Every structure is written in C-alpha cells, then in structure tokens.
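User: Hi, I'm new to this one. Can you walk me through it?

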Amino acid sequence: MSDLSTDTLLPDSTRKPLQLDGYRELQLPDSTRKPQQQDGYRELQQPDSTRNTQQIDGYRDPQLVARLLQRIEQLTERIKASQATKLPAVQPATHPSTLRLMEVCGTHTMAIARYGLRSLLPPEIKLLSGPGCPVCVTANSDIDRIIALTRIDRLTVAIFGDMLRVPGSSTSLAERRAAGASVEVVYSPLDALQFAKEHPEQQVVFIAVGFETTAPIIAQTLLRAAEQRLANFSLLSALKQVPPALAALLQDPRLALDGLILPGHVSTILGLQAYQFIATDYQMPAVVTGFEPVDILAGITALLEQVNAKQEGQVVAIGNAYHRAVRENGNPEAQSSIQQVFASQDSVWRGLGLIPQSGLALRPEYRDYDAEQRFQLDVEPTVEPRGCRCGDVLRGIITPPECPHFGISCTPSQPLGACMVSSEGSCAAYYRYGIQFA
Amino acid sequence: MSVSEQIVMAHGSGSTMMRELIDEYFLSVYGSAELAQGNDSACLKLATPTTELAFTTDSYVVTPLFFAGGDIGRLAVSGTVNDLATSGATPLYLSLAFIMEEGLPLSELRLICQSIAQTAAEAQVSIVTGDTKVVPRGKGDKVYINTAGIGVFLSQRPLSGANCQPGDKILLSGTLGDHGITIVSARENLNFSTNIVSDVAPLNHLVAKVLQAAPATRCFRDPTRGGLAATINELAAQSATSMTIEESLVPVNPAVQGAAEMLGYDIYQIANEGKMVAIVPAEQATAALAAMRTDEHGKNAAIIGEVSGPPASGLPAAWVRTPFGSTRVLDMLVGEQLPRIC
C-alpha cells in the first residue's frame, strides 16, 4: 500500500498513510508552489499579467495530472489483480473486465470532455454520464408547459439560455421567440425580477430549471418578489433534487456501476450528509469532487481506493475530494432557503420517468407566485421525439456514440434530443470535443 | 435633450441641416481631400501601377456603442482595415456610411466621429466617401455603420488561406477573447471587478511587419466572430490540411479566462477585434513572431500550433492538444452564444 499513498505525490506533505477521505493534501497543489490564496484558483483579481491558460491554476497542473494518472493506473492494476483472485460474488455482475464509474453531474461530463481526460485513463475505466444536466432531464411535458406560456398575451418568459433550443413536442422556445413570443434570456433569476420591475405592463414568468445548486437563489428571488409585492412576477418550477434520482439509478440493475463521481456544486449546498444512503443502503463507492482536471482525477483516484477497499471487504464511506468547497453539512442557510419556499413533490425526469419526491414545488403560502396557478395553460399533448435515446444516455445505459442518431440525424445544429442541446449535455460534450474520434 | 442636441429625421433629408451635420461632424473631423471635393463619388489615385485591388465591406451594429477599450467608430475602421490587411494588401481608402436612429445624441455622434478620425490616422487610411441616413425612432438601434475599403498590393501577391502547408506554424498576435468578454460584460451589466478591455485595433502595420520579416507567410486571418475556432476550421478546410493548437501556448488574460468560464463560453469561440492569426512556414516562423512582437498590438504574440497533412477520412480537421497530452476537437460555435445554466 505504501507505494500508492498520497505522500508520494506531494514532496512536502506529512508522511502518513492514505485514508479514503484523505485527499485534502491533493487538493492543495498550491502548497507545492506558492502560498494558498483564499480562493486562489481563479485569480480573477489579477488581470494584468498575461499568462498561459495552463498556469491559471494549480488544479490544472500537468505534472500533478500526470502523477494522478500514474496512481490511477496502479490502482486499476491492483483492482484487476484482486478481481482475478476474488470470489465472483464481489465482482460487478455484468461487466467484469471494466470499471464502470458514473459522473452524475453535467459540468463534470463537460470538463472530462474538455480536458480530454477519458483518453488519458486506463482502458478498463469506463466513465458514464448520469442524469446531472438540468436541461437534459427536464421532461418534454415541462418544455411543452413553458411553450404554452409563450402563447399568452403580454407575458414574457424569462429563462436560462441553455433551454432555448431544447425541442418540445412540436416546437422550441427559440422558434417561439423567432415567431414573436417574448422570451428573455437571463443569467440569474434576479435579472428576471429586475425585468419584471422595469416592465410593469408585462407578466414575467421565470422558468426555474436546475438542481439544489440553483434552487436557493431562486428561492431568495421569490422571497424578494413577495416582500416587494411584485404582482407581475411568477415562477414555473421544474426544479429537481439529485439524491432521489441517485437512489432511482442505484435501483436499476442494468447499470452495474462500480462507483459514483458525485457532483461538486450540488454538494456545496447539500453537504456529504445527503449521500449517506449510497454507502449504507447500496454499499456503492462514491466520492464528491470538483471540476478541474486535478479535482476530477483525484476524485477518480479516491473512488478506485474505495473500490479496492470494498474488494478487500471494507465498508465504504462517502469520500470528499473537494474539501475547499464541500462540508459535511453543506450550506445550511441555502438549504433553509429551499425549504422555506419549496416542498418536495413527485417529478418526471427525461429518461428516468417519474421519481417520487424528486421535484421542488412552491409551498402553498407562495401559491400566488405559481405561474400554473396564475395562468390557464393550454398544453399540447406530449410527444416524445421518435428514436431519441436520451433516456438511455441519461441513465448511463449507453454512451452517446452508441445511439444510432448520434452525429448523423442528431447534431448540435439539428438536435433530436436535449442531451445534444445543453452545454452540459453528454451528447453535446461527446460531439463537441470529438470523443468518438479520440 | 433639446432637438438641437440629437439626431432628428431632418438630418437625413437632404436639407441644410444635413449639410451642416456633414460639415461639422464628418468633414471637419475625418475629412480627406477626396471627401472635401464634395462629388458623388471619390476619384482615387493609386501611387503604383497595380493590376489587383483588395476590396471589402462590413457593417457594425455593436451594442453598447461605447465599451472599455473602444467604440463602434474604432471598430468600423479597424474591422475593414484588418479585412484588407489579411490578404496582404495595404489599406488605402475607406467609405463610411451611417444609419442613425432619430434621437441619437449628437454628443455621442461626435465622440464616434473623433474615434473614427483617430483610428483612421493610426491605420494611415483616408475616408474618401460616405453616406448619412436617418431612420425613425424605434426602427434602428442608435447607430449602425457600414465601411468598405480598398487596398493595393505593393510588393506582395494576394494571400489566401488555401496556401497553408503541412509543417507550417500557426501564430497568434495576442490574447484571446478580450473583445467578446468586454462586450458581453458591458451588455449584461456583469461588472467584473477587473479591467477587461476590448482589443479593437487596426492591424495593418503588424501585418506589414510580419510580411517584411517573413515574406513566405501563407496567409493572415482575423479571428473575429466565431473566434479562433472558426478561423482555424476555415483555414484547415480551405487548404485541405489539419491543424492542431497547443492549449498551453495560447495566450489568454486570466481575467478573461475566468469570466469566460463563469459564463460558460469557450475561449476559442469568443470574438476578437484586434488579433491576427498568421500561417507561416516553419523556417520563417521565429522571424515572423519577433516581428509581430515589435508591434504594439503584438506584444503577447505566440506560436500556438502547427499545420499537418489532410485529416483521415471522416475525421475533423481542427484539434486542440491539452496541457495533459490529450486531444480534443476544436469545435465551432453552434447557434447563438448562450450563458450556461449552473
């Protein structure tokens, strides 16, 4: 084990054996280079110096990446060797020769593609994308509800740009906008609120799409609207919660996962506590990590450690390779914002179907701000796009190039399904960065 | 604002008001001898006998009109000068046509015209003909400018993107993304607490310096809309080669990089208005780079990649090698540039 310990990676770390949750040292590449700044990996405050992108941040240090890759290779060998000698019962049921790891979050999918990490990993490691792109998992019926809103007079739909081109049953918001509907792209729900204030003659409906990451700011926006008694602002919620979807995934026997790379942003809100069931109920190795190459590879390293430990009969625990952002309890203030404004409700996910208690609806006391209460919506019957396999992609059953439409009848300019539209969609990530060619 | 302080319909009517506007705001600010002649068309003299001219046109509709590092006037001159320069031509003459919306403050028009004059002087081009139109309020967006330009080939055959050869080096004259991020942060009131500034500038002198130092330079291209990604893909397609960019060699202002990542934009797809890509044979690449760096708009120039043989059938032609040794496709923008969701 000593050859695999963390201290071989960092010259100045204290010599101690690796623990499953012991990646704090790995997360501080600055310690080997220069004093750590408070949030020292963006350097947005230092615009004068022109430097190459690779140096922007220690979490993109090619040397550290190379050392982590070496570690991952060693661990993969170790797991394979162990698999060969262990009883079949501890092997993954359907895919004995590969290590199937799922990155749940769309931002991870995009980062893995952008940095070309897949091609650097040992061939045994198969990274699958999960249902962590909020645009992609928004059901067709929800898109149709938004489109129905655009048919109401003197109503502006305020929405994140990613949603514009997602095809609904018969049309998209981009097409509705071109036809004259009022669709405003916003960067933040607060922009929608501002727009409502500036356009008192218009009803403004903010489309709440996203996970626990976006929910707190949306909750705060709604509270502000209520405080200001803004009569022309309302909200249509298609918000979703990650943990119930993970539970649904883990119950799917076709997946046969070996480990989960848990989302970083969502975890800053929820904390590690939200994932305990993954370890206790499913004994599934799982690690939270961030979005830089070093984060992702450190996360995979920690995950492989867990897989190996599980092989050796140890109990798994949720790992944290994103110490600089994620705490055990998350962000309690953000959590209470969500709880103040929203209540769990059943929600339909594209590809995963109805997942109990996985959505967030406005609490009854905020019903006045619920667009569905305020407006009579004439929603067209939902038609799923024919032949689209987004659902299988979102569940990790197939990778994007395994879909017969990928790159042929479904491209970013002519998308068949949401996974090809969103900047976080796994089909878009594969297509955009040419993973099928790499 | 009183009528006397803003553009009104009469300014485009052929009246004395229009005459006065032209005299006071255009002729006296950026007028050339040709413009002053007052004829319906300018008669241009070419100093050298030449059989080939470069001729280009572009329209400018940027919002806001004024942004950190520039304005629509500087953009309108630089854009057309740069389009001429990319072919190896020496830009000489520009036309300049305004379409103004009723209500445009004259104070803003004056600033734009001063900026046009200053940029034209910087580029050493003359504005020799122009036009003024006014549209009713609500039918335009303050002011649109169209410029067309004529350049001549002095010692140089016209350059073409089709000339790129395997083994050539790809040079970039400076940092990527500055203009696009400046505009989006101004437009969306993002207020980044940094001094991100547009790079808009005429680059004909930079091009001339490179051509003098590296006469075998295959071509130039300015990575404007669609950014470096569009430029590299176009050049590779035009010359039936493949091209690979080394990510670690691409100069980017960290503030711009940070802003782009925050907004979910790809730095390679963001517009630049004061940058030049040059494709240069390997043996002259160092000389070309040194020449670029002597120009004030080329201080951060770098060799960022290489041209190789045609891509295998079905494979993309433009690639990025990451600092980690992996490669990915250098993808072009699809549709609008949109902010990310989370």
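Predicted model: local features only at pLDDT ≥ 70, side-chain atom pairs only at ≥ 80, totals over all residues.

Analyst: Residues are numbered from 1 along each chain as its sequence is written, while chains are lettered from A and ligands numbered from 1 in the order in which they are written.

User: How many helices and strands does chain B have?

Analyst: Chain B has nine helices and 14 strands. Those are DSSP runs numbered from the N terminus: H or I of at least four residues for helices, E of at least two for strands.

User: And how compact is chain B?

Analyst: As compact as a globular protein of its length, because its radius of gyration is 21 Å, close to the 20 Å that the globule rule gives for 342 residues. That radius is taken over C-alpha atoms, and the rule is 2.2 Å times the number of residues to the power 0.38.

User: How much of chain B is buried?

Analyst: Buried residues are 52% of its 342 residues. Buried means 20 or more other C-beta atoms lie within 10 Å of a residue's own, exposed means 12 or fewer, and partly exposed is in between, with C-beta atoms placed from the backbone.

User: What about its domains?

Analyst: Chain B splits into domain 1 (3–152) and domain 2 (161–329), with bounds from an automatic or database domain assignment. Their C-alpha centres lie 28 Å apart. The contact takes 22 residues from domain 1 of chain B and 20 residues from domain 2 of chain B, where contact means C-beta atoms, placed from the backbone, within 7 Å.

User: Which element gives the most to the domain 1 side?

Analyst: On the side of domain 1 of chain B that touches domain 2 of chain B, α3(B) gives the most, with nine residues.

User: Switching to helix α8 of chain B: why is it largely enclosed?

Analyst: Eight of the ten residues of α8(B) (residues 254–263) are buried, so the rest of the structure largely encloses this helix. Among the buried ones are Pro254(B), Val256(B) and Leu263(B). Just after α8(B), Gly264(B) has a positive phi of about 80°.

User: Last one: what covers the buried residues of α1 in chain A?

Analyst: The cover includes β2 (99–103), β3 (125–129) and α11 (293–311) of chain A. Leu64(A), Arg71(A) and Ile79(A) are among the buried residues of α1(A).

Technical notes. Contact = placed C-beta atoms within 7 Å.
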